[in-house]
Every structure is written in structure tokens, then in C-alpha cells.
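This report describes the ligand site, a selected strand residue, the salt bridges and the domain layout of the structure shown below.

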Amino acid sequence: MKRRYIEIMDTTLRDGEQTSGVSFSASEKLALAQLLLTEVKVDRVEIASARVSAGELEAVQQITRWAASVGLLEKIEVLTFVDGNASLDWMQAAGARVMNLLTKGSLNHLTHQLKKTPDEHFAEIKQVISEAGKVGVQANVYLEDWSNGMRNSPDYVFQFLDFLQTQPIRRVLLPDTLGILTPSESYTFVLQLVSRYPGLHFDFHAHNDYDLSIANVMEAIRAGAHGIHLTVNGLGERAGNAPLASAIAVLRDFMPDIRTGVVEKSLYTVSKIVETFSGLRIPDNKPVVGDNVFTQTAGIHADGDKKNNLYFNALLPERFGRKRSYALGKMSGKANIDNNLRELGIQLSEDDLKKVTQRVIELGDQKEAVTREDLPYIIADVLNTNAVTSCVEVLNYVLTHSKDLKPSATLRVRIADEQFEENAQGDGQYDAFMNALKKVYSKKKLTLPILTDYAVRIPTGGRTDALCETIITWKYNNREFKTRGLDSDQTVSAIKATQKMLNTLD
Ligand SMILES: CC(C)C(=O)C(=O)O
């Protein structure tokens, strides 16, 4: 079967940056554009709107300089406006060669926002496209509010496309600006255009206001759209755009006659990087990239996985460089505990496994989070054994915090039967503590894991003496693990989690 190629245009750096509160620096934009084009292998990236700010100009210049040096300049796109030569001049100053010209795709927008007639609008568009052509800038054209246009003023949309057919443009971009389309409308509207204008290339640009963006993308492609616009983690104006990772998984698993150039294995990495740069945490249950989406919680699922993978679907974590895991809590069965113990290299008798499972369920019932690294402590407690030999012990520490002075930490640590004392400063008390600890470890020529996530949970209710739970994620020798500390003081809970980490290292 010959599979139809669909162009993927990533607009994380333009529409994604229209997420309220998100702003990427020039160097973050450069790093992401490079990653998206060379590792994720999307076909094109839209990286900015013209004339936004001096910082944005600098960002586009950095990206176009790099892209030109590696022959990828044609893949860099900038959103521009019908504003005479202003946007064109700006993008030329930024070194960009492809404009995505924003025009009005509904009579409603044209009449009420621009207060122009179709002929006036088309004449201005023609002028921009012609000026662009003269300086070798390629034009794609966005029909803003196109979905409402198809619903309420289809004759205007057809009149517009009749005109665009006569213009030297590369693509027509169809945004569902307000995220109002249903899947069946996405199919019907795109099919109408593809059948009526076989010579035009159509991209579909979904918004997720009704959580229908992925369904709409599927239907637009089924109807014959040639390209789709996506963003990493579904960032974008209001409820966002269609998320890249989900769209790629859906196309691969449910549309076998379609292919893209995207590398599935890179999707998780780019998602985590965008999470860091945007400061927007990925929900744990976000398909493909969320923390929990490859975690089995119920005991019956963990048990079934051992019996011919009864609870697997096609969305295998390994496709995305991830691993299945088994949650520990009140729903756990023996299989959850056993799977986690195996990862730690611990084996228990059937009887002991039952007792440990019971304790994990009790802890879960008390709403306590249990991590894999807690298991040795639970075993030691329940079975009264020495499953945990605390090789490293934080014996004493002093932490300072004062106005206009850097926080500092002095600590004494025992490693096996040696004691060490160190002090250091940091950006906060915990940072100072970790810096002092790093000094101890470098004396012993040992390295500490990298802290990759730090989550604090305080029960709601507004009490300042409430217990505070800190769960820290560490990366060490390509292994990721979490440790948890509980205390009424937030820094102490982090130090407790850190001591557990120190005793987890091989
Ligand atoms: C700015 C335009 C192209 C847009 O993102 C939309 O209409 O959704």
C-alpha cells in the first residue's frame, strides 16, 4: 500500500507561545527549533509573529542564521499581517524566507474587524504577495476564522479561494480559530475544498476548546488535508492546539495509509524540554507524555500484565523511550509490589509479600504516596528485618536564611564509618544543603544524581503546621527514581527525601 505523506508544521514557538503566561527566550526558541527540525523531524516550524518585539526579532535572526547554515531556511515560517510592507520588512530583517499571511476567512471577521469589502481585502493581499515575490519570500495564506466562514459564509470562502488560486502562493492554511468544529464538519468542510480546488495545498490548524482537536485532525486528514499544525504538549491560544505526541500516535495506530516524517522516540524528550521552558507542567494523565500514562495502578492490571500482557494496548511506552511502571497505593495487589521489588533486586516469600502489600494498602488508605524507594523501609518495618542498612546518615545540619544574604548550610554526614563536615551557600536553603553535600561527595570521589523534579504537596486547609510531602525525582546512571520525605517543615522533608536517595545509590 502506498501511504500518503502528511506534512507536519509545528507551531509551538508561535501559537504555542500564545498560551497565557508562556514566553520563550531567544536561546530557548533556537534550541527548540533545532530539536524539532533535526531530532523530531517535523517538516516545518512556525517560530514567531512579525513585529512583536525586539526580543522576537533577535530570536528569529538566531534561528534563521542557524537554519541557513544547515540548509533548512525554507522550513522556518513567520506569521505576518496584511499591513502593506511592514511585516515583510520585519521578516526580511530577521532573515526569514517564508511568510504565513494572516487574512480573513469569514465574512463576519472581514466586515466587523477590518470593515472592508472582499474586493478591497483581496486587493491588499495581492499587493503583499506580489511584494513578497519580488524579494523571494514565499507566501502561505491563513484564512482566519475559516471554520465560521464555512458555516456562515461559504460563498465568501469560495470567492476567496477562487482569487487565491490565481496567486503565486504555496499553501492555504485553514485554522479553526475558535475551536468550534466537530469532527464531521472538519471532514465535510475540508473535503469540499479539496474536491473543488485540487491544485491547492491545504493545511488544517485545530484548536482544542471542546477537546476535539485530535478527532478533528483525523477527520481533516481523512478528507484529504495535505498538512496539519500541531504544538508540543498542546500549547496554544486558550485551550491550545492539537498536541504533537497524541496526533503522531493516533496517525500511526489508526490511519495506516498515512505517514509522516516524525520520529516517535523523540516525542517524550521534546515534551519535557517544552515543559521546562514554558513552565507549564504536563498533566500526569496527558496521553503519551504524562507521568502516569504508562503506570498500572489496579492490582488486577498488574497481575494481568504478567499473564500474556492482558492489559497492554498498542501504545507501548518503549515506542516513546519510556517504561511501564506499577503504582503503589491502596489499589495495589501483590503483582504491583512484586514488579517494583524486582526493579530493586529484592525477592520476598509469598507470605512476606502479602504482609508488605497489606502495609502499602494501609498507607495508601491514609492518602500517603508510596514510591518504589520507600519499599525497603516498609519491608524493614513490617518484617522487622534489616532490609535497610543506612549507609549514609545526615547527622547534623544548620541552615541559615536571612534578608539580603545568601542562604548557607553546614552539615555533618556519616558515610559508612567515616564522618565529614562541610558548608556551602546556595540559592535557597535546600540548594545550599545540596552544595555542601556535593562537596562531601566530591571529597569521596563520588557523584550525586541529578535532581530532575521536585514536587511539594501540602494538604489543603491552609494550616502552616500541616505535614508537607516532598517527592524528588533523581536521575543516576540512566535510571530515574523518586524518593519521598514527610515533615512539617518543607526543607526538612526535602532533606529526608535526599537521605533516602543517598542510601539508594549503588
Ligand atoms: C493566528 C491564527 C492563524 C491562528 O492561530 C488561528 O486562527 O487559530
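How far is an oxygen atom of the ligand from an N or O atom in the side chain of arginine 14? The separation is 3.1 Å. This value, like those that follow, is computed from a predicted model.

## Ligand site

In aspartate 15, a side-chain N or O atom is 3.0 Å from a ligand oxygen atom. For threonine 177, the distance between a polar side-chain atom and an oxygen atom of the ligand is 2.6 Å. The protein buries 92% of the 260 Å² that the ligand exposes when taken alone.

The residues surrounding the ligand are Arg14, Asp15, Leu102, Tyr142, Glu144, Pro175, Thr177, His205 and His207. Sorted by class, this shell comprises 3 nonpolar, 3 polar and 3 charged residues.

## Glutamine 138 in strand β6

Strand β6 covers residues 138-144 and includes glutamine 138. The side chain of glutamine 138 is in polar contact with that of arginine 170, at 3.3 Å.

Leaving aside residues up to four places away in sequence, glutamine 138 touches Glu74, Arg97, Val98, Met99, Arg170 and Arg171.

## Salt bridges

How many salt bridges does a search of the whole structure find? The search returns 42.

## Domain layout

The domain assignment of the chain gives domain 1 as residues 6-278. Domain 2 is assigned in two segments, 295-314 and 323-384, while domain 3 spans 392-503.

Taken over C-alpha atoms, the centres of domain 1 and domain 2 are 46 Å apart.

Methods: Residues numbered from 1 in each chain as written. Predicted model: local features only at pLDDT ≥ 70, side-chain atom pairs only at ≥ 80, totals over all residues. Heavy atoms only, no water. Domains from an automatic or database assignment. Helix = DSSP H or I, 4+ residues; strand = E, 2+ residues; numbered from the N terminus. Polar contact = N/O pair within 3.5 Å; in protein donor to acceptor, adjacent residues only side chain to side chain. Contact = heavy atoms within 4.5 Å. Near = heavy atom within 4 Å. Areas by Shrake-Rupley, 256 points an atom, 1.4 Å probe, with all protein chains shown as cover. Nonpolar A, V, L, I, M, F, W, Y, C, P; charged D, E, K, R; others polar. Salt bridge = Lys/Arg side-chain N within 4 Å of Asp/Glu carboxyl O.
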